[in-house]
Amino acid sequence: MDVMFEAMVDRYLLHALEAERGAVEVYVTALATTPNPAWRRELTQFLDDARKHEQWMTCACNQVGMDPEEPVAGRDVIAFQTLAMIEAIRGASRG
């Protein structure tokens, strides 16, 4: 396989993993601030799915010999977006 292509695939896997980790954090925050039982049931399902996806992505990284914690360009942007969503949820729950 082409070295550049491999680097792109590695970056994609790490970005996907970071996005799933962020989804877990967002759903945990949303659940903590949502009193509506119907929303809580739906958010619980989303959280369960995101946790499974995070496990799958971590396993995929390990299976191809990648460090799931490897810093790559753009990963910090995904983490920043997660923090912004969490702050928006917290702000909305206060208002």
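Leaving aside neighbours within four places in sequence, Glu 70 is in contact, that is, with heavy atoms within 4.5 Å, with Leu 14 and Arg 75. The structure is a predicted model, in which local features need pLDDT of at least 70 and side-chain atom pairs count only at pLDDT 80 or more, while totals for chains, interfaces and linings use all residues. Residues are numbered from 1 along each chain as its sequence is written, and side-chain values use heavy atoms, with hydrogens and water left out.

Glu 70 itself is placed in the loop between α2 and α3 (75-94), where helices (H or I, at least four residues) and strands (E, at least two) are DSSP runs numbered from the N terminus. With a relative accessibility of 32%, Glu 70 is partly exposed, a class lying between buried (under 20% relative accessible area) and exposed (over 50%), as computed with a 1.4 Å probe on protein chains only. Although Glu 70 and Asp 10 are 60 residues apart in sequence, their C-alpha atoms are 9.7 Å apart in space.

Helix α3 has 20 residues, which at 1.5 Å a residue should span 28 Å, and its end C-alpha atoms, 29 Å apart, agree with this; the expected span is 1.5 Å times one less than the number of residues. Within α3, Arg 75, Ile 78, Thr 82 and Ile 86 are buried. These four residues cover an arc of only 80° around the axis, and therefore lie on the same side of α3, the arc being that of the directions from the helix axis to the C-beta atoms. An α-helix has 3.6 residues a turn, so residues three or four places apart point the same way. The buried residues of α3 pack against α1, whereas Asp 76, Phe 80, Leu 83, Ala 92 and Arg 94 are exposed on the other side of α3.

The count of aromatic pairs comes to 1, under a rule by which rings of Phe, Tyr and Trp (its six-membered ring) pair if their centres lie within 6.5 Å, with planes under 30 degrees apart counted as stacked, over 60 as edge-to-face and the rest as tilted. The pair is formed by Tyr 27 and Phe 46 and is tilted, at 5.6 Å centre to centre and 40° between the planes. Because Tyr 27 lies in helix α1 (residues 3-33) and Phe 46 in helix α2 (residues 37-63), the pair ties together parts that are 19 residues apart in sequence.
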